[in-house]
Amino acid sequence: MTNTTQNPATSNNLLAEKDGVPATTKADWSSDQEVRWCPGCGDYSILTAVQMMMPDLGVRRENTVFISGIGCAARFPYYMNTYGMHSIHGRSPAIASGLAIARPDLDVWVVGGDGDMLSIGGNHLIHALRRNVNIKILLFNNQIYGLTKGQYSPTSEPGKVTKSSPFGSLDHPFNPVSLALGAEASFVARTHDMDRKHMQATFARAHAHDGAALVEVFQNCNVFNDGAFDKITKKANRDAMLIDLRHGEPIRFGADREHGVVLDAAGGAVIVNVAEVGEAALLVHDETHPDPAVAFALSRLASNPEMPTPMGVFRAFDREEYTAASEAQMATAKDTDGEPDLRSLLHSLPTWDV
Amino acid sequence: MTDTLEPVGTAKDIDQVIVRFAGDSGDGMQLTGDRFTGASALFGNDLATLPDFPAEIRAPQGTLAGVSAFQVQISNHEITTPGDAPNVLVAMNPAALKSDLGRLEVGGTVIVNVDAFGERNLAKAGYIDNPLEDGSLAGFTVIEVKMTTLTKEVAKDLGVKPRDAERSKNFFALGLLSWMYTRPLEPTLDWIDAKFGGRDAIVAANKAAFHAGHAYGETAELSEHHYQVRPATLEKGTYTSINGNTALSWGLIAAAHKASTPLFLGSYPITPASDILHELSKHKNFGVRTFQAEDEIAAVGAALGASYGGHIGITTTSGPGVALKGETIGLAISLELPLVVIDIQRGGPSTGLPTKTEASDLMMAMYGRHGEAPMPIVAAYKPSQCFYAAIEAVRIAVKYRTPVMLLSDGYLANGSAPWKLPDVDTLPEIAVEYASEPNQTNEDGEGVFWPYLRDENLVRPWAIPGTPGLMHRIGGLEKEDGTGNVSYSPENHALMTDIRQARIDKIAEDIPLAEIDGDADASLCVVGWGSTWGAITGASRRLRTAGHKVAHIHLTHLNPFPPNLGDLLRSFDEVIVPELNLGQLSRLLRAEYLVDAKSITKVMGQPYTAGEIEAALLEHLTLDLS
């Protein structure tokens, strides 16, 4: 599959319907289970975005699987009218990898929160990304532990006061996009729960990518960490605080697109005033760059959701997908070793007759 | 082969011999033993082997910790163990002599590479005086051979570097032993060609050393050490020499083949299980997918994911790995999906003795998960039977949609014995059925799918993704009987807990009855499981030969137990349970059947010898007589 170059925020018809797949609606993708997130939770809008996007993908429900770990976000599969597994804390990338490798015909999605994916499951996440198994990972980042009622998470800001950190958290947080790029993920994007269209377009881009995809979704936990992203995701703040990444275009933002991003001599991304440096000096976003270093530099622009923060696709690089490589080895083995023959196998070591 | 061979030259006929090759980790002792075994197998002997090596790849040279040994018994009759005390010890250096001399039979033969007995090596082994000179070996027959010197001598014009030439000295030892026990030379020469083909100098050096060792025996007045062990009279058939891990791998392939279902192995390398990953990764043409995961947890997770997708998910590991997989096994129990967890047991706890055998994971297999989480347990008992145990584990997992624990151990994994190859057409077919239709009707009369609606065996349907109309969600949360929807109802949880237990218990109706080997009218019954089979069988035979009556029950199914086991056990006055742990099976038997199962145990990282079990049983037998 090739990478598209459209801006995720504006491309609503990313994929044409596939032949022979019956048209569906949001309702077809919704299970009969009562949704049990807290009223006002950001998870609702993410669920809606996914359920609304699925009909656009032109895929069959029976070929779609959602796998999750443990946590609030991980209840997600129960609400999708697809195949689904609510598995073990942190392990969903591993379980999903096994399923995806065994069954390349399926669309395998993984849903989890910041604790699930980055704390207990951090190891599986980075390995799934480096292997480039064809799974689509939606990481709902609310910077808090919700289901265990409010402890700091691996994305909580330093000094955060929670039930388990009454004097402030001592932990330095992960930046999920930086982490994924460090693991050389072939597709890394970010979106947020206040912009359904952006979510839909970003998830669809992840789906279209041939390989592992990680989408960080800023998600508000209105019970334990309310307003964590308000400074950047509230409508009034978005122009000034969200940096829209568009492939092939100079990176600009601001109400009048007056700000821009340049690379400094050390390779770091820096925010500048376009009027001062001129448009020609701006960094042109290239999500297909083989080296993740520039995308990584972009991910370092904001160290917390109170600074101008890039949104959209950081990286969509085409490299060999694991399952395709695995299937190719299987096919080669059939060509080389021939049809399976149990008797030959059992007689493959030296034998003697009595 | 026949048993009517004429004596070879002056070779004296003997019924069996136990040889132990011991040397430094770098001396190639495993290879030497393996080749001696391979030639003996092709010659038609019965045999059993015990590779015994350290965990370190190259422990400090010349030290006791670095000693690597390989024991093999070859015989002209059926045997079940690698033997108690070796008749011959080949010691390539002082450390090997010091470490293994105590195992040698009284008056046994020691063959030493005298070149390695310099001051430095003696000191490293902790010898103050040279044991070859201080009279401490007086009770043994000592044959001193300058193996290094002689090997270098024959290799000097063959174009190999002196260091490489010296490395061929294990073939000198093999040549010498091949002469002493009249082993055919061709299998080893062929093997050298195949192994080192293309590297002509190495081939030439190894062959020259091998021939030189052989000629040394012939010319150096060793004629009183010239023996022959004729082929064993085994059942007619085609045989191969197989170790447990290879047999187990082939069993998995055979099971998947007979089930017409792809095999998926998720594994993380761990001693002594890694060879199963290696073996399975070679056989992709059988539709075998192997996935080397980032850790033990991911390995079992990927296997479970593949099972969810309709493959036969397998994970292989050893004790520490099983501990890590526990949570996922619990999920598999809750999801009621097939999964085979293979535990090649080793000495524990923790890292324990990675390369040494033990059978101390039975309780972990039985109870090592949180919650009420029963799973079937199958145990292999000899190398070739690992093949059938693997098939049985897959059969139960697939038929009953449950994770199954398959227990083997380091001794079975690496030990070899002849295997009469089965006719593959006689292997049982394994039926795999995926759900394809709705199984329930809703209020509107429409067909719907209930993932936890069960059949008469309490087994739920296996509805794999990709099946239209059967979309459903499963998970680790307690689910309602039938619909599978999340349920926190107290009554439902009690019901589901009971069902999960009952469906495993019910498998007892579908496994072989326990059988008595030996004297059904004995008053004493030995109950074993796993690799103690060889030693118990050997001990029981000796006792019977001595006029005692001994019954032996060897369990291959440890959960559930065979349905007749309780009645059988209660029919004996005395039940003795030898185990390579502190009495785990005996406790299960006592708990289940209220029988006074007495435990005898060994936890030394070594398998039981027949002699040890014979002695322990004899105490009970003589007590009975008194």
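**Terms and values**

Modeller: A:Arg257 lies in the loop between strand 8 (252–253) and strand 9 (259–263) of chain A; helices (H or I, at least four residues) and strands (E, at least two) are DSSP runs, numbered from the N terminus. This is a predicted model, in which local features need pLDDT of at least 70 and side-chain atom pairs count only at pLDDT 80 or more, while totals for chains, interfaces and linings use all residues. Residues are numbered from 1 along each chain as its sequence is written, chains are lettered from A and ligands numbered from 1 in the order in which they are written, and side-chain values use heavy atoms, with hydrogens and water left out.

Biologist: Why is A:Arg257 called partly exposed?

Modeller: Buried means under 20% relative accessible area, exposed over 50%, and partly exposed in between (1.4 Å probe, protein chains only). A:Arg257 has a relative accessible area of 33%, so the term is partly exposed. Its phi is near 50 degrees, a positive value in a residue other than glycine.

Biologist: What makes A:Gln143 count as buried or exposed?

Modeller: A:Gln143 has 8% relative accessibility, and therefore counts as buried. A:Gln143 is found in the loop between strand 4 (135–141) and helix 5 (176–182) of chain A. Phi of A:Gln143 is near 60 degrees, again a positive value in a residue other than glycine.

Biologist: What makes the pair A:Glu216 and A:Arg190 a salt bridge?

Modeller: A salt bridge is a side-chain nitrogen of Lys or Arg within 4 Å of a carboxyl oxygen of Asp or Glu. For A:Glu216 and A:Arg190 the N to O value is 2.8 Å. A:Glu216 lies in strand 6 (residues 213–218) and A:Arg190 in strand 5 (residues 187–192) of chain A, so the pair ties together parts that are 26 residues apart in sequence. Both A:Glu216 and A:Arg190 are buried.

Biologist: Which parts of chain B does the salt bridge of B:Asp100 and B:Arg20 tie together?

Modeller: Their side chains meet at 2.6 Å, N to O. B:Asp100 is in helix 2 (residues 94–100) and B:Arg20 in strand 2 (residues 16–24) of chain B, so the parts tied together are 80 residues apart in sequence. B:Asp100 has a relative accessible area of 3%, so it is buried; B:Arg20, with 1%, is buried too. The two belong to a network of salt bridges that links B:Arg20, B:Asp52, B:Asp100, B:Arg103 and B:Lys356. Over all chains the count comes to 43 salt bridges.

Biologist: How many residues of each chain take part in the contact?

Modeller: Contact means heavy atoms within 4.5 Å. The contact takes 70 residues from chain B and 56 residues from chain A.

Biologist: What is the area buried between chain B and chain A?

Modeller: Buried area is the accessible area (1.4 Å probe) that two parts lose on being put together, summed over both. Here that is about 5,500 Å², of which carbon and sulfur atoms give 64%. In chain B, B:Asn285, B:Met471 and B:Arg473 lose the most area to chain A, together 14% of what that side buries.

Biologist: Why do strand 11 and strand 23 of chain B stand at the edges of the sheet?

Modeller: Two strands pair if DSSP finds at least two bridges between them. Five bridges join strand 10 (residues 263–267) to strand 11 of chain B, which run parallel. The open sheet has seven strands of chain B in the order 11-10-12-13-15-14-23, with mixed pairing. Strand 11 (288–292) and strand 23 (557–559) each have a single partner strand, so one side of each is left without a neighbour in the sheet.

Biologist: What makes B:Ser586 buried or exposed?

Modeller: B:Ser586 has a relative accessible area of 4%, so it is buried. B:Ser586 is found in helix 19 (residues 584–593) of chain B. Leaving aside neighbours within four places in sequence, B:Ser586 is in contact with B:Val577, B:Glu579, B:Ala597 and B:Ser599.
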